[in-house]
Amino acid sequence: LRTLVDVGAMPFVLPEFLPSIGFDAHHPNHHLLLHDHVFAVVDEAARRGADIVVRVAALFHDLGKPETYTEERRPDGTVVGHCLGHDVRGAEMSRAIADRLRLGAAEGFPSDGVDDAIALVRHHLIDLTPESSERAWRRWLHRVGGRGRADRLLDLWAADRFGHREGLDEDRLERLRARLRRTAVPPLGQHDLAVDGRELARRFDVEGREIGRLKRALLDKVVDGDLPNRTEDLIEAARGLLGADP
């Protein structure tokens with residue numbers, strides 16, 4: 001990657017990376033220019049044995065920062081930079097890059113790896129702690145797409161923290177991994193519920209969008225751990241939500 005920059009070839013391979021070269025985020029947690037930070041994260045991901053999906057996500061994870069950069073001038077005259085939404089913008093850019101480079105067809109790259117890499121970029125900002133509630137962990141697992149992606153996210157998080165000023169706290173990483181292992185994986189979508197739309201339509205006078213709203217409400221309760229994912233429990237909960245008679 002450094003050679004691509006040094007010989008002037010990066011514009012022909014990954015022009016989206018050019019704004020990162022020499023970019024200063026002006027943030028107290030960042031002691032490196034953005035391109036040096038990204039290269040450090042990629043190196044650390046490789047050193048830790050992360051797979052190619054995580055390493056590609058490491059390369060893409062901060063692509064959205066230059067576009068989302070804003071500055072805050074503090075009373076003492078110092079300037080602090082913010083890149084709010086860079087995770088969302090970075091995921092959008094990553095999708096376009098993956099399509100252009102036909103990344104999914106690249107030799108040695110998993111056929112489903114593109115969606116995983118983009119999800120890692122989108123969710124690489126992890127605000128959970130080992131002490132966060134079971135509900136928070138279950139909701140995070142639901143949001144990111146399951147345990148496999150969560151494991152990879154922690155790999156990316158570890159490499160990213162290594163590239164920050166304060167470095168990586170290995171003890172915190174191990175406690176996060178232990179907490180993840182103890183968290184039950186919730187249903188990831190409405191299709192995982194133990195009741196389907198036809199059953200709800202048969203038992204209650206609902207159809208179309210109302211079925212969709214009902215299934216979303218049931219899924220929220222299951223994800224939060226407030227409702228077991230069992231048919232009889234879901235039917236009873238649906239009855240309560242609808243105020244329907246048996």
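The residues lining the second largest cavity divide into 6 nonpolar, 1 polar and no charged. Here Ala, Val, Leu, Ile, Met, Phe, Trp, Tyr, Cys and Pro count as nonpolar, Asp, Glu, Lys and Arg as charged, and the others, Gly among them, as polar. This is a predicted model, in which local features need pLDDT of at least 70 and side-chain atom pairs count only at pLDDT 80 or more, while totals for chains, interfaces and linings use all residues. Residues are numbered from 1 along each chain as its sequence is written, and side-chain values use heavy atoms, with hydrogens and water left out.

**Cavities and pocket**

Rolling a probe the size of a water molecule over the atoms shows where empty space is left. On a 1 Å grid over the protein atoms alone, a cavity is a set of points where a 1.4 Å probe fits but cannot get out, and a pocket is an open set with protein on both sides within 12 Å along at least five of seven lines; lining residues have an atom within 4 Å of a point. Grid points are joined across faces, edges and corners, and a volume is the space filled by probe spheres set on the points. By this rule there are 2 cavities of 30 Å³ or more.

| Space | Volume | Lining by class |
|---|---|---|
| Largest pocket | about 450 Å³ | 6 nonpolar, 9 polar, 5 charged |
| Largest cavity | about 40 Å³ | 5 nonpolar, 2 polar, 1 charged |
| Second largest cavity | about 30 Å³ | 6 nonpolar, 1 polar, no charged |

The second largest cavity is lined by Phe 60, Ser 94, Ala 98, Leu 103, Val 114, Ala 117 and Ile 118. Helices (H or I, at least four residues) and strands (E, at least two) are DSSP runs, numbered from the N terminus.

Around the largest cavity the lining includes Phe 23, His 30, Leu 32 and Lys 65. His 30 and Lys 65 are also among the residues that lie nearest the centre of the largest pocket, together with His 86, Leu 125 and His 164. That pocket has 20 lining residues. Strand E2 (79–82) and helix H9 (147–162) are the elements that give two or more residues to its lining, and the largest share, 3 residues, comes from H9.

**The two strands**

The chain has 13 helices and 2 strands. Strand E1 (residues 70–73) runs antiparallel to E2, and 4 bridges join them; two strands pair if DSSP finds at least two bridges between them. Thr 70 has His 82 as its bridge partner in E2. The hairpin has 5 residues between the strands, and Gly 77 takes a positive phi near 95° in it.

**Helix H12 and burial**

Of the 246 residues of the chain, 43% count as buried, where buried means under 20% relative accessible area, exposed over 50%, and partly exposed in between (1.4 Å probe, protein chains only). Helix H12 (residues 209–223) has 15 residues, which should span 21 Å at 1.5 Å a residue, and its end C-alpha atoms are 21 Å apart, which agrees. The expected span is 1.5 Å times one less than the number of residues. Among the buried residues of H12 are Ile 211, Leu 214, Lys 215 and Leu 218. Seen down the axis of H12, its buried residues fall within an arc of 165°, so they line one face of the helix; the arc is that of the directions from the helix axis to the C-beta atoms.
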